[in-house]
Amino acid sequence: MNVDVYDNPEELAQAAAREFAARAAEAIGERGRFAVVLAGGSTPRATYEVLARDYADTIAWEEVHVFFGDERGVPPDDDDSNYKMARGSLLDHVPVGSVHRMRGELPPDEAAEAYEQELHDFFGPVDLPKFDLILLGTGPDGHTASLFPETSALEIHDRWVVANPVLKLETTRITLTLPAINAARAVYFLVAGEGKAAPVAEILEGDPDPRRYPASLIRPEHGPTWMLDQAAASGLS
Ligand code: 6PG
């Protein structure tokens with residue numbers, strides 16, 4: 001577990017963009033392509049904007065294949081759509097090789113099955129997808145992607161993508177599963193704001209109950225790396 005703390009959200013975004021570019025160059029150099037999972041929510045938007053503004057000419061975007069960690073049950077032009085956020089802040093500005101969005105407009109189970117098939121088509125006959133980089137966030141309740149506390153998706157180990165009913169939000173989200181995330185070559189949490197200090201402290205320094213802090217279940221072979229701003233790190237000793 002690596003923990004890097006930055007003075008403010010802007011410096012966090014700059015550092016995350018640097019890491020993205022470094023991982024892209026490494027993957028494209030070694031394997032000819034970069035398969036990356038974008039995080040949703042609001043925190044990663046600043047990183048995507050830095051990538052679009054400062055890395056348009058320095059990343060081989062045509063070799064970059066974009067996926068999503070989770071999606072809300074909304075169409076792609078809805079303001080709540082993670083795809084819409086990523087498109088407006090990055091994907092409309094760089095010529096990526098391919099974009100694989102989760103179809104939030106479909107019935108959730110259908111959308112999850114379709115996305116799982118899309119991952120199988122991209123990664124071929126493998127036990128688990130091996131993304132080069134997965135970006136994640138965490139919520140004040142310790143959820144990550146759409147793996148929320150006390151939800152059924154936390155117990156699923158034989159799927160790559162599932163529909164996850166989240167009672168407290170009265171909705172069903174589409175999300176990558178723990179095995180699919182933990183098989184990645186690299187996982188980076190981008191976390192900013194005081195509202196995240198308590199779950200971050202519990203996950204990084206406490207003895208978190210995994211069903212109550214799903215982000216603590218993210219344990220890839222290498223890492224994860226937690227990139228925090230000072231406010232999010234304020235609960236750490
Ligand atoms: C989502 C995200 C979710 C997000 C956290 C943090 O669809 O909401 O994938 O897991 O990363 O909720 O969100 P913020 O960055 O907006 O605080």
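This report describes the ligand site and the sheet of a predicted model.

Local features are reported at pLDDT of at least 70 and side-chain atom pairs only at pLDDT 80 or more, whereas totals for chains, interfaces and linings use all residues. Residues are numbered from 1 along each chain as its sequence is written, and side-chain values use heavy atoms, with hydrogens and water left out.

The ligand is surrounded by 14 residues, of which Thr43, Asp70, Arg72, Ala145 and Lys196 are the closest; a residue is counted here if one of its heavy atoms lies within 4 Å. The table lists polar contacts, meaning pairs of N or O atoms within 3.5 Å.

| Side chain | Distance to a ligand oxygen atom |
|---|---|
| Ser42 | 2.6 Å |
| Arg72 | 2.6 Å |
| Lys196 | 2.6 Å |

On its own the ligand has 420 Å² of accessible area, and the protein covers 87% of this, with areas computed by the Shrake-Rupley method and a 1.4 Å probe.

The sheet is open and consists of 7 strands in the order 1-10-9-6-2-3-5, with parallel pairing; strands are DSSP runs of E with at least two residues, numbered from the N terminus, and two of them pair if DSSP finds at least two bridges between them. Strand 1 (2–6) and strand 5 (98–99) stand at the edges with a single partner strand each, so one side of each has no neighbour in the sheet. Strand 9 (residues 187–191) pairs with strand 10 (residues 225–229) in the parallel sense over 4 bridges, and Leu190 has Met227 in strand 10 as its bridge partner.

Key:
Polar contact = N/O pair within 3.5 Å; in protein donor to acceptor, adjacent residues only side chain to side chain.
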